[in-house]
Amino acid sequence: MKLAFDTGGTFTDFAFSDDDGSILLHKVLSTPDAPARAVLQGVDEILVKVRGGNTPRPGEGPLQIMGATTVVTNAVLERKGVDTAFITTEGFQDMLRIRTEGRYDLYDLRIQYPDPLVPRDRCFGVSERVSAKGEVVTPLDESGVRKIANQLREQSVKSVAVCLLHAYKYPAHEQRIGDLLAELVPGISVSLSSSVCPEVREFDRASTTVANAYTRPLMVQHVEHLERELGQRGVQSQLLWMTSSGGVVPSSAAGRTPVRLIESGPAAGAVAASEYARAAGERSILSFDMGGTTAKLCLIADGQPQIANELEVARHERFRKGSGFPLKIQSIHMIEIGAGGGSIAARSKLGLLAVGPRSAGAAPGPACYGRGGREPTVTDADLLLGYVDEHSFLGGDFALDRPAAQKAMANVAQELGITVERCAFGIHDMVNESMAEAAAMQATDSGVDPRTLPMIAFGGAGPVHAYGVARKLGVRKVICPLGAGVTSAVGLLGAPVAADLSSSLPMALSAWDVPKVKGVLDSLADQGREVVLASGVAPHDIRFSYTVDMRHVGQGHEISVSLPEGDIAALVFRKELIERFHATYIKLYGRQVAGTDVEVITWRIRASGPKGDVTPAKMLASSKGGQHALKGHRPVFFAETGTYVETPVYDHYALKPGQEHPGPAIVEQRESTVVVGPKGRFSLDSQFNLIMNLD
């Protein structure tokens, strides 16, 4: 049996796979002040449904639990991590403030960056120096480390990030500092850059290690609390956590390097989208995941999400690269915008309608939730436009307050001097425009025409807005999967155990050193194998894939190239590696640079187990739908008609595959609603996905 949960900004989603393969879907409001509370509430409610309470069923085996969490993300964005210190090589204490001296806007004289997670008075320098070739220029001053340890105790520091120059390659001094701190300050959490991020570029490495140290005690506490509470519920369980690169790892790895989980929720959605696309017969697709707080867009090419080797969070300017904290972790490449069901609409300083990035979140939530929200949100607009219904939201388990939504919308409409109807559609359409712009930007950056791609829409609000976004992009086909509102949780059920590890060892191909190459690859394989085995994967099921970051000698940045199979000592191996590098370089930049040597900077590995098997048809067991697909009619507003149209409402679970229906139409699932406009038509495929075709 498996249980997956995805903690979002508004809802926490669940998918439970029983031993007979049936899948139960569930959803509860998130509890941002204590994320574990919503998780445990959902687990309790699911256990009541599947076994009548906390008493295990006869012969019940262990329950594998997979989670995607916002604990790490929220701690960084909301500055709610623990008191953290930073130790580096003497003279580099201001690294977190000086950064790289790059500017994301050359002409802004008042340019700003987010304040570092560690204040200046907790940044310490220790006397030591190792050259880039591994020569000890200055031995480690252990007495200086002891003095720093005394200051850490006096300041009640909970966690420390250690990042010394060249420690990615020569970690001995960092490891000794870690040993001393463990001895002198018992109980303190220590993150070493040589373990968290053994890669070149000291600021990026330091930024990553600091984010890890800042959140590590919180993640450890979160994991231990869940494991303890689950044990008290009689749940024999193994907890696995989704990483930003789309694999799950055991709690031990998640607690050790929580920075790798910072985009776990969006990653789970992208993994699910790739699996649904494959099941629907599509290899390349645009993934559109819209929840209560944000919308995520991801280009899935040739059946796999694109993996980036770096990520930036907490940007001072949301869309300006270089204005946030760089993190050297592998993550699924996607664009995230502050547009979700809870995004708040208001009159801007210019007297115009503005939507987001402020969100009502789960508390108080949109006005229609009846929990004290007074400002209109996207969900309020969708309710007033007829796209969602107050009596069937979450299968009827969560009644919406239409008068409250009407009152909140009327306040903003009055400020703008327009009707409530026009204000509501303006909110809906503005959000669609923002998402279409972001999707077009990502597709264009990847050299793809978005009009040639189908789009898969999921999340609680994704199918509601998919028709409008698709029309703006020129997309002709939209796929809305069964269980769209909890797709990320369903994706977790099928996610493989996977550890992504890296290590920098610069090496020119003209100076290929077989023993060193073998040493770094074997070391990474051993580390990856250890993580995967700890998740219960059998040794014979472990698979390894290798990539390297390469560049022309003298260049400042690298490109990712897959490592060929075969004997690394053979000349043909290096020849194929160079050919792959040049082919990738030409694809990216349209030209080949001749007459220069090529070098590998960073070596990467993914150690993974097999994927889980998720059968969409099994989700029909969660339906409360009747025998008749047509549930009734309700007035729905469409831009094409400029007015409300009496529109048929269908039960997704009662529809039969192969039967085509014309738009306009509303198709309701328990956790989401699909809006089909007048220029669309839809049918179900053999996997029970809703396929919407646009004229």
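1. The structure is a predicted model, and its protein chain averages a pLDDT of 89, with 96% of the residues scoring at least 70. Over residues 621-626, however, the pLDDT is below 50, and this stretch has 9 contacts in the model beyond near neighbours in sequence.

2. The second largest pocket has a volume of about 900 Å³, and 44 residues line it, of which S194, S195, P198, L501 and Q527 lie nearest its centre. By class, its lining residues comprise 19 nonpolar, 15 polar and 10 charged.

3. As to the secondary structure around the second largest pocket, at least two lining residues come from each of the strands β10 (189-192) and β25 (498-508), and likewise from each of the helices α6 (193-196), α8 (251-256) and α15 (514-534).

4. Turning to the helix pair, the axes of α9 (residues 264-279) and α14 (residues 487-494) come within 7 Å and cross at roughly 75 degrees. Because angles of 65 to 115 degrees count as roughly perpendicular, α9 and α14 are therefore described as roughly perpendicular to each other.

5. Where these two helices touch, α9 contributes G265, A268, G269, V271, A272 and Y276, which meet T487, S488, V490, G491 and L492 of α14. The residues of this contact of α9 with α14 divide into 6 nonpolar and 5 polar, with no charged residue among them.

Note on methods
Residues are numbered from 1 along each chain as its sequence is written. This is a predicted model: local features need pLDDT of at least 70, side-chain atom pairs count only at pLDDT 80 or more; totals for chains, interfaces and linings use all residues. Side-chain values use heavy atoms; hydrogens and water are left out. pLDDT is the predictor's confidence in each residue, from 0 to 100. Contact means heavy atoms within 4.5 Å. On a 1 Å grid over the protein atoms alone, a cavity is a set of points where a 1.4 Å probe fits but cannot get out, and a pocket is an open set with protein on both sides within 12 Å along at least five of seven lines; lining residues have an atom within 4 Å of a point. Grid points are joined across faces, edges and corners, and a volume is the space filled by probe spheres set on the points. Helices (H or I, at least four residues) and strands (E, at least two) are DSSP runs, numbered from the N terminus. Ala, Val, Leu, Ile, Met, Phe, Trp, Tyr, Cys and Pro count as nonpolar, Asp, Glu, Lys and Arg as charged, and the others, Gly among them, as polar. Axes are lines fitted to C-alpha atoms, for helices over the stretch in contact, and angles run from 0 to 180 degrees between N-to-C directions. Angles under 35 degrees count as roughly parallel, over 145 as roughly antiparallel, 65 to 115 as roughly perpendicular and the rest as oblique.
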